[in-house]
Amino acid sequence: MNNFAHYWSQGDAISHAVAYALLLMSVVSWYYILAKAFSAWRIRKSANALEAFWQAPTLEDAIVLIQPVDSENIYVPLAQQAFKAAHWQEKNGATATSLNTSIDPGELITRTLRREINRVSARLESGLTLLASVGSTAPFVGLLGTVWGIYHALITISAAGVMQIDQIAGPVGEALIMTALGLAVAIPAVLAYNTFTRINRVTLAELDGFAHDLHAYLTTGARIKK
C-alpha cells in the first residue's frame, strides 16, 4: 500500500488517468456481476416452479400460480402472450383487418413465442458485452500504466545523473502495480462472463422447452379439452 501511495504521489496525469480508468472498469463490472448474479438466482428459483405450472387445471390458473415466483418475468410473459395469440382470432377474427387474420393460429403462436424468447435472450445478454470488454482490455490498460510509469521513472533517474540498480528497482516495482491492478479488474470480469454465459445457455434451453410445451398445449391440448 505504501508503494502504491508513493507511486501515486510520483505519477503524472496519464498515470492517474489509467488508475481512474481501471477503477471505473472495476466498479461497473462489479455492479453488473452482482446484479446479474442476483437476477440469475431469481431465475433459477422460478424455473423450479415450472413443474407446478403444468399441474394447474387451466392455463389461466397456471399463470396465476407461477406469477409470484417469476419475479424476473421470464416465463409468465411467454405464457400470457402465447395465450393471447391462441385466442386472438377468436376475439378479433371477424372484425380485425390485419396480417394476423390470415395467419394460421399455430403460426401466430409460434411467432409470438419466438418474439418473447428473443426479448428474454436480449435481457439475459445485457451487460455481458461490457464484462467481456473489461476482461479483455483491463490487462492492457494496466500494462499501459506500467509502461508509462517505468518510462516516467527512468526519465526521472536519468535527470538525476546517477543510475544504480536500487534506484531503478523501486520505481519499476511500483509501476508494475498497475499491471497487477489491471489483472485484478480483468479476472473477475472474465470469470463472471463465462459463468453467466453458461447460466444463460441453460435458461434459454429451459425456456425453449417451455415454449415448445406451450405451443403443443395451445395447438393440441387446449383444442382437445374443448
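Predicted model: local features only at pLDDT ≥ 70, side-chain atom pairs only at ≥ 80, totals over all residues.
Local features were kept only at pLDDT of at least 70 and side-chain atom pairs only at pLDDT 80 or more, while totals for chains, interfaces and linings use all residues. Residues are numbered from 1 along each chain as its sequence is written, and side-chain values use heavy atoms, with hydrogens and water left out.

Salt bridges come up first. A search of the whole structure turns up 4 of them, counting a side-chain nitrogen of Lys or Arg within 4 Å of a carboxyl oxygen of Asp or Glu. In one of these, R42 pairs with E72, with the closest N and O atoms 2.5 Å apart. R42 sits in helix α2 and E72 in the loop between α4 and α5, so this pair ties together parts 30 residues apart in sequence. (Helices are DSSP runs of H or I, at least four residues, numbered from the N terminus.) E72 also bridges to R123, this time with the closest N and O atoms at 3.2 Å. R123 belongs to helix α7 (residues 105–125), so here the parts tied together are 51 residues apart in sequence. Within it, E72 is buried at 10% relative accessibility, whereas R42 is partly exposed at 25% and R123 is partly exposed at 32%. The cut-offs, with a 1.4 Å probe and protein chains only, are under 20% relative accessible area for buried, over 50% for exposed, and in between for partly exposed.

Another bridge joins R44 to E206, with the closest N and O atoms 2.9 Å apart. R44 is in helix α2 and E206 in helix α9 (residues 165–225), so the pair connects parts 162 residues apart in sequence.

Turning to the valines, V134 lies in helix α8 (residues 128–160) and is buried, at 6% relative accessible area. Leaving aside residues up to four places away in sequence, V134 touches M25, S29, P139, V185, A186 and A189, where contact means heavy atoms within 4.5 Å. V134 and V190 are 56 residues apart in sequence, yet their C-alpha atoms are 8.0 Å apart. V27, by contrast, is in helix α2 (residues 13–47) and is exposed at 51%.

Finally, the backbone. Most residues other than glycine have a negative phi. N73 is not a glycine, but has a positive phi of about 55°. N73 is found in the loop between α4 (59–66) and α5 (76–86) and is partly exposed, at 40%.

Technical notes:
Helix = DSSP H or I, 4+ residues; strand = E, 2+ residues; numbered from the N terminus.
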